[in-house]
Amino acid sequence: MNHSFNVEVAEKYGIEKAVLLENFYFWIKENKANKKNIHNGRAYTFNTSEAFHEYFPYIDSRKIARLLMEMETDGLLISGQFNRFDRTKSYTLSDYAMAFFGQQKDL
């Protein structure tokens with residue numbers, strides 16, 4: 001598996017956040033195209049930090065959880081809880097983060 005990242009994001013926020021953000025962008029774009037996980041006009045995606053660790057074995061799951069919280073604080077991610085049966089957090093990119101991918105409008 002290959003991982004890529006936006007160099008501008010990596011310079012500003014670090015490589016790990018850049019890699020995670022690239023993954024979010026991919027899945028949010030896919031969900032938008034397939035009309036899945038749409039809430040309040042935005043496409044969201046979700047995964048546990050343990051599941052992300054499976055995709056990114058070089059980042060510890062506890063660190064991923066911390067990075068996700070930081071990315072919300074940084075204004076890169078927006079989260080929501082849309083499942084009434086558990087506390088699963090879903091994420092989408094902020095308009096600020098979308099600009100790194102040349103997108104003027106949110107997904």
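Biologist: Is N40 buried or exposed?

Modeller: Buried means under 20% relative accessible area, exposed over 50%, partly exposed in between (1.4 Å probe, protein chains only). N40 is exposed, with a relative accessible area of 73%. This is a predicted model, where local features need pLDDT of at least 70, side-chain atom pairs count only at pLDDT 80 or more, and totals for chains, interfaces and linings use all residues. Residues are numbered from 1 along each chain as its sequence is written, and side-chain values use heavy atoms, with hydrogens and water left out.

Biologist: Where does N40 lie?

Modeller: In the loop between strand 1 and strand 2 (42–43). Helices (H or I, at least four residues) and strands (E, at least two) are DSSP runs, numbered from the N terminus. N40 is not a glycine, yet has a positive phi of about 55°.

Biologist: How do I read a sheet?

Modeller: Strands of a sheet pair through backbone hydrogen bonds, either parallel or antiparallel. Pairing here requires at least two DSSP bridges between two strands. This model has an open sheet of 3 strands, in the order 3-5-4, with antiparallel pairing. Strand 3 (45–46) and strand 4 (77–80) are the edge strands, each pairing on one side only.

Biologist: Which residue in strand 5 is the bridge partner of T45?

Modeller: Y91. Strand 3 and strand 5 (residues 90–93) are joined by 2 bridges.

Biologist: What packs on the sheet?

Modeller: Helix 2 does, touching strand 3, strand 4 and strand 5. Contact means heavy atoms within 4.5 Å. W27 lies in helix 2 (residues 15–33). W27 is partly exposed, at 34% relative accessible area.

Notes:
Axes fitted to C-alpha atoms, helices over the stretch in contact; angles between N-to-C directions.
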